[in-house]
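Trainee: I would like to learn how to read a model of this kind, feature by feature. Could we begin with how burial is judged?

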Amino acid sequence: MPRHSRRELRRFMGTTENGRRNMPDGNNQHNEEHRGNGDAKRQGSQDRRGRSNSGSYGSKGNGDRRGSYKGSRDGGKGGKGGYGKRDSRGGSSRDGEHRSRKPFDNERSDDRKSYGKRGDDRRSGGKSFSKQGDGNRKPYGKRDDNRKPYGKRDDDRRRDGERKFEKRDGDRKPFNKHDGDHKPYGKRDDNRKPYEKRDGAARDFDRAPRGDAPFKKDRADDRGFSRKDAGEHRGFERRGPWRPNEQNAALAEGREPQEGVYRGELELDENGELKYRNRPKGGERRGAKHSFGDKPRTSGVVHKDSERSASPARQAALRVTSIVRERDAFAQELIHKYIDSSRMSREDRAFATRLTLGVVSSYGTLDDVINRCLDRISDIDDDVRDALRISTYEIIFLKKEPHAAVSQGVELVKTIAPKASGLANAVLRRIADKAHKFPFGDPRTDIEAFARLHAFPEWLAKRALLDLGPDATRDYLAGSNEPAPLFVAINAAKADESEVVETIVAAHGDPVAVSVNGEDIPGCYCLSEGRVLFDGRVRHMIQTGQLLVSDASSQQIARLVLPEEKPASLLEVGAGRGTKTVLIQSDAQRRYGSQIDEYVTVDNLEFKTNITAERAEEYGIHVSESITGDATALDDVVGERAFDVVFIDAPCSGLGTLRRHPEIRWRLNPEKIDEFAKTGLALLKSASTHVAPGGSIVFSTCTITRAENIDVVKAFLASDEGTSFALAPIGGAPCFNPALKPGSPDAHFAVRLLKAAE
């Protein structure tokens with residue numbers, strides 16, 4: 001590029017003789033045809049391309065021969081000022097005339113602005129260029145290539161800055177290039193419904209009344225639009241990455257839909273709907289600071305953008321697991337309220353249930369994995385940790401695709417803490433990278449890795465090894481993490497067994513008779529899948545008290561309570577919600593042909609006593625008296641009465657029912673187990689004085705620890721109160737103690753103690 005003199009450099013903003021601006025090569029983008037907007041002060045402008053007899057566009061003719069940006073002094077004599085179009089040789093052109101620009105002494109810097117503040121030697125003849133300009137003129141800076149051009153103005157357009165919005169005429173140019181005189185609308189959607197011709201003041205897109213003719217496909221629009229020349233319609237762009245619909249979500253996520261997972265004993269609410277009897281009404285717990293009523297959850301606000309990305313099943317699981325943590329509640333009762341009663345698809349409800357039960361059953365292990373991938377444990381809050389647990393469970397235990405699990409985990413965190421999404425992404429990626437190393441040790445030789453592999457606390461795994469042995473412990477830990485089988489009991493007090501079985505078969509429940517430890521359990525059947533409970537015919541039997549959902553081991557213990565001959569009286573200690581009350585009287589009806597005449601129940605909670613009475617009435621069970629009191633002091637509850645049979649359903653750690661109450665394992669500690677053992681021994685000693693001579697005590701729990709089972713019985717027999725009792729065999733064994741393994745019933749324990757006759 002030639003060198004230019006300083007003088008020519010100062011004349012950089014000048015014009016050529018043909019009235020066009022001379023621009024350096026570095027700013028060729030400014031040499032396009034000028035399409036400025038002008039104002040009421042413009043004189044002599046004939047069109048919008050700067051072709052004015054009085055000089056430059058918008059000029060008043062007050063410049064000199066050399067001209068300035070605002071105009072020239074030659075007035076109507078074709079002054080030299082103006083903003084023209086450069087030809088291919090670097091000069092400006094006007095009406096076909098070309099003139100090459102004069103050389104500059106120095107090269108102009110590409111970074112230098114085209115229109116800046118001029119030096120002191122600027123000619124005083126021209127007007128200064130500033131935002132305050134002349135009138136309402138806008139400064140002419142670097143042109144925006146995306147700026148829409150202006151068409152020819154109508155003669156009646158207002159000049160005071162206000163646009164006149166009206167229908168286009170044929171002379172006005174459109175904003176975009178198109179065929180014809182109509183405004184294009186982009187690519188048209190072929191599935192888009194055509195417009196209807198307006199009828200008076202009716203809107204074109206209003207739905208026609210029912211019974212009217214459908215929309216016409218070839219209508220004419222009085223606004224000037226037509227289907228054939230409107231151009232292509234630009235459709236709406238899809239937000240975010242593609243995601244399958246909810247019906248195919250299970251398939252897209254690589255999971256097998258689980259339908260109707262059984263989650264505990266059922267009952268009916270006041271509206272005849274199924275509900276779970278695992279907690280007090282309303283979710284209220286003793287000593288709880290929060291009540292679980294009908295008030296909507298206010299914490300964990302879900303943002304709309306994230307709600308579109310995180311799957312409904314994961315959001316439901318997050319909500320339930322958060323409430324379980326905050327309120328120290330049980331997951332079973334919350335699943336029915338937030339998952340079973342939701343509008344999600346059947347597959348999503350099953351997946352949400354699996355996530356919920358899986359996360360609450362592996363809290364400690366999931367936290368251990370998350371903490372390994374954090375710089376500091378305090379880096380995340382509890383609500384963010386709740387979301388990370390769900391994705392970590394998918395990666396570690398469900399073996400989900402890491403990319404999908406990480407992506408959904410980040411979106412899940414966004415629903416509660418959008419600012420923590422970056423940290424969540426980093427943590428989940430680290431977890432995915434370390435997943436192949438889980439359980440971070442050899443489970444065959446390392447007890448910590450063994451407990452971590454099965455999502456158990458280390459102390460509990462060690463205790464199970466001591467109480468059960470290696471093989472039984474391995475089966476117990478593996479079976480506790482699987483879905484529980486679905487067992488039902490036919491109520492002999494109100495139903496005919498053959499008719500109930502036929503109904504279940506018709507509902508595709510595939511009932512199979514059940515036996516425990518080689519002994520058949522009359523009226524007990526295992527169903528193929530849980531969704532059969534929601535069949536109308538099966539629901540009717542549950543609502544009318546003909547069918548009861550209960551574990552097979554629980555049904556077998558109810559059978560063991562009854563002696564060979566029908567007892568005249570029976571006292572049930574720890575009746576709870578009346579499940580075993582129904583089972584015992586139903587079996588009495590089946591075995592003796594009638595129910596026990598004097599049947600008394602005792603529980604230390606009044607609301608459970610009321611539930612037992614209500615449920616007994618629903619199932620047609622006879623209960624002569626339901627008492628609320630402390631069973632460790634039965635003298636104050638039942639007085640001096642003695643019973644032929646005393647059945648003690650002792651409170652315990654519940655470690656035999658972890659499939660139905662998975663959160664128990666992380667709430668227990670060795671001290672609580674010792675407390676349960678002391679309570680069981682106190683109940684035995686208190687009941688011993690209320691057993692008639694020749695009568696019996698049946699002591700049962702739903703746990704696997706020796707401290708709560710065998711040790712309690714041994715301590716009682718060694719005490720003064722137990723000297724008159726002897727251990728009676730059950731099915732040829734000292735006690736009833738089925739092992740928990742995959743596919744088996746729950747692990748329960750029971751012994752029968754006979755009192756010597758006088």
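Mentor: A residue is called buried when its relative accessible area is under 20%, exposed when that area is over 50%, and partly exposed in between. Bear in mind throughout that this is a predicted model.

Trainee: How does D446 count on that scale, and where does D446 lie?

Mentor: D446 sits in the loop between α10 (421–434) and α11 (447–453), and because its relative accessibility is 26%, which falls between the two cut-offs, D446 counts as partly exposed. A polar atom of the D446 side chain lies 3.1 Å from the backbone nitrogen of E448.

Trainee: Which peptide bond is cis, and where does P439 lie?

Mentor: The bond from F438 to P439 is cis, with omega near 10°, and P439 belongs to the loop between α10 and α11, the loop that also holds D446.

Trainee: Are D328 and A455 buried or exposed, or something in between?

Mentor: D328 is partly exposed, since its relative accessible area is 36%, whereas A455, with a relative accessible area of 3%, is buried.

Trainee: How should I read burial within a helix, for instance at T609?

Mentor: T609 is located in helix α18 (residues 606–618), and at 7% relative accessibility T609 counts as buried. Leaving aside residues up to four places away in sequence, T609 touches D603, S626, I627 and T628.

Trainee: How are strands held together in a sheet, and in what order do the four strands of the open sheet run?

Mentor: In general, strands of a sheet pair through backbone hydrogen bonds, in either a parallel or an antiparallel manner. Here four strands form an open sheet in the order β7-β8-β6-β9, with antiparallel pairing. Strands β7 (512–516) and β9 (547–549) stand at the edges, and because each has a single partner strand, one side of each is left without a neighbour in the sheet. From one strand to the next, the twist averages 45°.

Trainee: How many bridges join β6 to β9, and which residue stands opposite V488?

Mentor: Strand β6 (residues 486–490) is joined to β9 by three bridges, the two strands running antiparallel, and V488 stands opposite V549 in β9.

Trainee: Which helix lies across β6, β8 and β9?

Mentor: That is α14 (residues 497–506), which runs at about 30° to β8 (519–527).

Trainee: What describes the chain as a whole?

Mentor: The chain holds 21 helices and 16 strands, and 46% of its 758 residues count as buried. Among contacts with a separation of 6 or more, 70% come from residues 24 or more positions apart. The accessible surface comes to about 39900 Å², and carbon and sulfur atoms account for 46% of that surface.

Methods. Residues numbered from 1 in each chain as written. Predicted model: local features only at pLDDT ≥ 70, side-chain atom pairs only at ≥ 80, totals over all residues. Heavy atoms only, no water. Buried < 20%, exposed > 50% of the residue type's maximum accessible area, 1.4 Å probe, protein only. Polar contact = N/O pair within 3.5 Å; in protein donor to acceptor, adjacent residues only side chain to side chain. Contact = heavy atoms within 4.5 Å. Areas by Shrake-Rupley, 256 points an atom, 1.4 Å probe, with all protein chains shown as cover. Pairing = 2+ DSSP bridges. Axes fitted to C-alpha atoms, helices over the stretch in contact; angles between N-to-C directions.
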